[in-house]
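Subject: Structure for your review

Dear colleague,

Please find below the structure that I am handing over to you. My notes on what was found in it follow directly after.

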Amino acid sequence: LRIPSGTTIPLSSFYSYGSAAGDTLLPRSDDGSSPSISLPAPFLFFGTYYSTIYVNNNGDLSFSQQWNVWSPTAFPIPTYPLVAPYQANVDTIGTGSVWYRITQNATLLAKAANNIRSLTG
């Protein structure tokens with residue numbers, strides 16, 4: 001995603017977050033993960049359905065177990081399914097935070113789908 005210098009991004013382009021938006025705060029950590037989160041509907045990922053997910057501090061989502069290590073491994077990892085919209089060596093012990101939410105809000109999901117489509121051409 002490239003945003004030209006001097007471009008103003010309207011506030012409506014951002015997603016609300018935090019406890020007021022119904023999000024859960026991941027505890028401060030270096031390479032931490034959420035507990036297992038039950039999904040409201042199975043998630044099909046490369047031919048396998050998953051009913052639980054883990055939110056990992058380093059910017060990825062895992063299905064089988066927590067991915068609580070930083071490993072700059074090339075994707076895909078055949079034995080370890082991950083969705084990695086943002087993966088980096090993140091440490092929130094001193095500052096920063098990771099928030100997450102599971103939603104079935106049709107308006108929010110449509111906005112996310114449109115954002116994804118606009119990036120994939």
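From the N terminus on, the order of the elements is β-β-β-β-β-β-α. In total, the protein has one helix and six strands. Please note that this is a predicted model.

As for overall dimensions, the C-alpha atoms fill a box of roughly 40 × 35 × 30 Å along the principal axes. The protein has 121 residues, and buried residues account for 26% of them.

The largest pocket holds about 2000 Å³ of space. It is lined by 43 residues, and those closest to its centre are Tyr15, Leu61, Pro85, Arg101 and Ala112. Which elements each supply at least two residues of this lining? They are the strands S2, S3, S4 (60–62) and S6 (98–100), together with helix H1 (106–120). Helix H1 gives the largest share, with eight residues.

Twelve residues of the lining of the second largest pocket are nonpolar and one is polar, while no charged residue takes part.

**Residues with positive phi**

Asp31 has a phi near 70°, a positive value in a residue other than glycine. This residue is located in the loop between S1 and strand S2 (37–45). Is Asp31 buried or exposed? Asp31 counts as buried because its relative accessible area is 18%, and the cut-off for buried is under 20%.

Phe46 is not a glycine either, and its phi is positive at about 50°. Its position is in the loop between S2 and strand S3 (48–56). Phe46 has a relative accessible area of 77% and is therefore exposed, as the limit for that class is over 50%.

**A nonpolar patch on the surface**

Ile9, Leu11 and Phe14 form a nonpolar patch on the surface, and together they have about 340 Å² of accessible area. Of these residues, Leu11 is placed in the segment before strand S1 (24–26). Leu11 counts as exposed because its relative accessibility is 74%.

**Thr52 and Phe63**

Thr52 belongs to strand S3. How far apart are the C-alpha atoms of Thr52 and Phe63? The separation is 6.2 Å, although these two residues are eleven residues apart along the chain. Thr52 is classed as partly exposed because its relative accessible area is 24%, which falls between the limits of 20% and 50%.

The patch of Ile9, Leu11 and Phe14 may then be viewed on the surface.

With kind regards

Conventions. Residues numbered from 1 in each chain as written. Predicted model: local features only at pLDDT ≥ 70, side-chain atom pairs only at ≥ 80, totals over all residues. Heavy atoms only, no water. Patch = residues over 30% accessible without salt bridge, like charges linked within 9 Å, V, L, I, M, F, W, Y side chains within 5 Å. Areas by Shrake-Rupley, 256 points an atom, 1.4 Å probe, with all protein chains shown as cover. Salt bridge = Lys/Arg side-chain N within 4 Å of Asp/Glu carboxyl O. Helix = DSSP H or I, 4+ residues; strand = E, 2+ residues; numbered from the N terminus. Buried < 20%, exposed > 50% of the residue type's maximum accessible area, 1.4 Å probe, protein only. 1 Å grid on protein atoms, 1.4 Å probe; cavity = no way out; pocket = protein on both sides within 12 Å on 5 of 7 lines; lining within 4 Å. Points joined across faces, edges and corners; volume = space filled by probe spheres on them. Nonpolar A, V, L, I, M, F, W, Y, C, P; charged D, E, K, R; others polar.
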